[in-house]
Amino acid sequence: MAAPQDVHVRICNQEIVKFDLEVKALIQDIQDCSGPLSALTQLNTKVKEKFQQLRHRIQELEQSAKEQDKESEKQLLLQEVENHKKQMLSNQTSWRKANLTCKIAIDNLEKAELLQGGDPLRQRKTTKESLAQTSSAITESLMGISRVMSQQVQQSEEAMQTLVNSSRTILDANEEFKSMSGTIQLGRKLITKYNRRELTDKLLIFLALALFLATVLYIVKKRLFPFL
């Protein structure tokens, strides 16, 4: 049976892929949009909502990565998070280009309609209002995209700092293992030396005991059998 954490990670990845595809589809709709400006605004609102959902799921996946017990699984998930963030930044760039393309197309269409006839003064007034509205919408959209990209850059910096900290932890652990290995080797040498010394001490005791017994036998022999 899969662990709850693994299930959550799988669900996050599935929804990230789903929101990514929905964002791409909406960006294509924006690129194909021929107006009016209200339709473009409505599409942009949907894109913003999908980006928020996508960003939320990526943050959940990142949090799940940080909670992993195994360092290898943690690093693997953090790499997936980084790939998702890069893909989202790419989608945001495509979103901005699609907006510019659509707004230029809408502006050119309105100009063409105005040039077909009507009062010149009214045409100029309508053209100025349309240009002002389009310029304002483009500026607002670009500012929104800039804020989103700024947040993504900050999140990427935080993820990079997390990776640096993890690498530092691994290096520290490696140094500790090296130190422990040196200590174990030193202990092994001391134990070997102690075993050798113990063997030498046993041999000396045996020789001393043999010498003592030989001396006792010699004295007994001289006392009991002086003629031998």
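Accessible areas in this account come from the Shrake-Rupley method with a 1.4 Å probe. On that basis, the protein chain exposes about 16100 Å², and carbon and sulfur atoms supply 60% of this surface. The structure described is a predicted model. Buried residues make up 26% of the 228 residues in the chain.

The protein chain has 4 helices and 0 strands, and from the N terminus on its elements run α-α-α-α. Among the helices are α1, which spans residues 4–32, α2, which covers residues 37–66, and α3, which covers residues 71–115. Of the contacts in the chain with a separation of 6 or more, 77% are accounted for by residues 24 or more positions apart.

The largest nonpolar core has 26 residues. Ile30, Phe51, Leu54 and Leu61 are the residues that touch the most other members of this core. Helices α1, α2 and α3 each supply at least two of its residues, and the largest share, 9 residues, comes from α2. In soluble globular proteins, nonpolar side chains tend to be buried together.

Phe51, named above among the core residues with the most contacts to other members, also takes part in an aromatic pair. A search of the whole structure finds 1 such pair. It is formed by Phe51 and Trp95, with a distance of 5.4 Å from centre to centre and an angle of 40° between the planes. The arrangement is classed as tilted because planes under 30 degrees apart count as stacked and those over 60 as edge-to-face. Phe51 lies in helix α2 and Trp95 in helix α3, so the pair ties together parts of the chain that are 44 residues apart in sequence. Both Phe51 and Trp95 are buried.

With neighbours within four places in sequence left aside, Leu54 is in contact with Ile16, Phe19, Asp20 and Met88. One of these residues, Asp20, lies in helix α1. With residues up to four places away in sequence not counted, Asp20 touches Leu54, Gln87 and Asn91. The relative accessible area of Asp20 is 14%; the residue is classed as buried because this term applies under 20%.

Asp20 is also involved in a salt bridge. The count for the structure comes to 6 salt bridges. In the bridge between Asp20 and Lys24, the closest N and O atoms are 2.8 Å apart. The two residues are 4 residues apart in helix α1 and are thus separated by about one helical turn. Whereas Asp20 is buried, Lys24 is partly exposed, with a relative accessible area of 33%.

Arg57 counts as buried, at 16% relative accessibility, while Glu15 is partly exposed, with a relative accessible area of 22%. Together with Glu60, Glu15 and Arg57 are linked in a network of salt bridges.

A further salt bridge joins the side chains of Glu22 and Lys50, at 2.8 Å from N to O. This pair also links distant parts of the chain, with Glu22 in helix α1 and Lys50 in helix α2, 28 residues apart. Glu22 counts as partly exposed at 26% relative accessibility. Lys50 is likewise partly exposed, with a relative accessible area of 22%.

Turning to the record, UniProt lists residues 203–220 as "transmembrane region" in an unreviewed entry. In the predicted model, the chain over residues 203–220 is 100% helix and 0% strand. The end C-alpha atoms of this segment are 26 Å apart.

Methods. Residues are numbered from 1 along each chain as its sequence is written. This is a predicted model: local features need pLDDT of at least 70, side-chain atom pairs count only at pLDDT 80 or more; totals for chains, interfaces and linings use all residues. Side-chain values use heavy atoms; hydrogens and water are left out. Rings of Phe, Tyr and Trp (its six-membered ring) pair if their centres lie within 6.5 Å; planes under 30 degrees apart count as stacked, over 60 as edge-to-face and the rest as tilted. Buried means under 20% relative accessible area, exposed over 50%, partly exposed in between (1.4 Å probe, protein chains only). UniProt positions are given in the numbering used here, feature names are shortened, and annotations may be inferred rather than shown by experiment. A nonpolar core is a set of buried Ala, Val, Leu, Ile, Met, Phe, Trp, Tyr and Cys residues joined through side-chain atoms within 4.5 Å. Contact means heavy atoms within 4.5 Å. A salt bridge is a side-chain nitrogen of Lys or Arg within 4 Å of a carboxyl oxygen of Asp or Glu.
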